[in-house]
Amino acid sequence: MSVGVLISELSLFNSLVFSSKKYNLNMRLTLTILLITLFLISEGQDRSIPADEVVVTNHQVTIKGKSIPYKATTGTQPVWDEDGKAIAAVHYTYYERSDVRNRASRPLFISFNGGPGSGSVWMHLAYTGPKILKVDNEGFPVQPYGVKDNPNSILDVADIVFVNPVNTGYSRILDKETKKEVFFGVKADITYLADWINTFVTRSNRWESPKYLIGESYGTTRVSGLSLELQNRQWMYLNGVILVSPTGLGIDRDGPVGMANRLPYFAAAAWYHGKLPEDLQSKDLDEILPEVEAYSINELIPVLAKGGFVSEEERNEAAAKMSRYSGISKKVIMQYNLDVPNSFFWKELLREEGFTVGRLDSRYKGIDRNDAGSRPDFNSELTSWLHSFTPAINYYYSNVLNYKTDIKYNMFGPVRPWDRDGDNTGDNLRQAMAQNPYLHVMIQSGLYDGATQYFNAKYTMWQIDPSGKMKDRFSFKTYRSGHMMYLRNEDLINANDHIRDFILKTIPGGGVSAKY
């Protein structure tokens, strides 16, 4: 018999007991206690998350040598359907500096990670938040696991909310009848999150504040689309959008452009591992990359555009140059007809040493079952990150923020299939900028990121506004690390300082009008 059925039978019997004079008070009390206990057991069996519930704690952190008091609010806010029914619970963590009275001029950052099924853990516990996980200065795991104060957090100059889209982190679908297509797709994701942000800003009384979106990886697709959706559907205007390790944002680069755009990343990774010719290896990376970029754009694309009709002389010359800049042999480049896949590069660069290099951060090395093959067995950087982030985030919520739940924190949640049709997010961002003279964009890219490569990010920036009329509102920053450039301590310091500079640049002086 199930607990639910047993409760029903006992409830009926209890009502008979209470209506009968034969049973004494002790028996009535015993049955009542039994019913309450069974009810609690039944409730305990249902592992779910409340739609609208928060926990508030107060803390202090030292940033840039100054003590900053802050309030942390973590919990859920619903997603409602058109009838006002809560269909999902979106989990978030909101940090407010608590010694600031007037928030009208204090920036609000709304932060998303990517995947698209990834929780907000990465930038939350390693970049802009008041706590960061314990790793070494280059970002590799150390024990004991846990968190420490982030002396470089932007909380001294801005409040931050980290948002977990549906099925990531602790966020979950509540209404089993709601179709997954409501949440899982480029357009659907942007639509419901814009509504959610509107509610959050209203509840938090932040309509007056300068607002910023920051997204990493697929989060850059998300925030680029949100920049226009918030303006056109929520009438909410932004001061800035920060794209950390951006995706292609729906901007076409197939064919020769995409093939050639890989070479600058190849050169950066090869330089890091000491695989370039001596005359290049002895130079600083800042001297090498402009040369490789110029070759890729001005010489390699025209050769690749000729395809199978390129002359043997041009083919050989291009393969030799690519070999010089990439650290892999001319022979294998010729075998790939000058179109070397990223996955082969990760396998090939250190093959002779018996290692692979990481996809998201090529500083990381892996060991495969066989040295032969065309791609690594696993992503060496990702397993390293999960090694340190997973215990840190679970410890942090339970022990520091006092958020208790039996729900699993989804580092990567079930969001497939993801509808990628209609990804025009790059042009969405252009339209938002054109309509809003206040809106600026900053791009942050790691030079050793082989997934969302820095030169592709630069190409994306070039293509967003073909008119060139808004190029003074774009800025581009690179770092000597990978996808999560902030894991390296030097880049954590620099990247947060770049955000501080971006805030100063994008908050207009009093009375400065938003006009052309």
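This briefing covers aromatic ring contacts in the structure. The model is predicted: local features need pLDDT of at least 70, side-chain atom pairs count only at pLDDT 80 or more, and totals for chains, interfaces and linings use all residues. Residues are numbered from 1 along each chain as its sequence is written, and side-chain values use heavy atoms, with hydrogens and water left out. The structure holds 31 aromatic pairs; rings of Phe, Tyr and Trp (its six-membered ring) pair if their centres lie within 6.5 Å, with planes under 30 degrees apart counted as stacked, over 60 as edge-to-face and the rest as tilted.

**Tyr170 and Tyr397**
- Tyr170 and Tyr397 pair edge-to-face, at 5.4 Å centre to centre and 65° between the planes.
- The pair links distant parts of the chain, 227 residues apart: Tyr170 is in the loop between strand S7 (159-164) and strand S8 (172-173), and Tyr397 is in helix H13 (residues 380-400). Helices (H or I, at least four residues) and strands (E, at least two) are DSSP runs, numbered from the N terminus.
- Tyr170 counts as buried because its relative accessibility is 4%; Tyr397 counts as buried at 0%. Buried means under 20% relative accessible area, exposed over 50%, partly exposed in between (1.4 Å probe, protein chains only).
- Ring pairs join Tyr170 and Tyr397 with Tyr396, Tyr403 and Tyr409 in a cluster.

**Tyr265 and Phe345**
- An edge-to-face pair is formed by Tyr265 and Phe345, with 5.7 Å centre to centre and 70° between the planes.
- Tyr265 lies in helix H7 (residues 263-272) and Phe345 in helix H12 (residues 342-348), 80 residues apart.
- Both Tyr265 and Phe345 are buried.

**Charge over a ring**
- The charged end of Lys365 sits over the ring of Phe355, 4.6 Å from its centre; the criterion is NZ of Lys or CZ of Arg within 6 Å of the ring centre and within 35 degrees of the ring normal.
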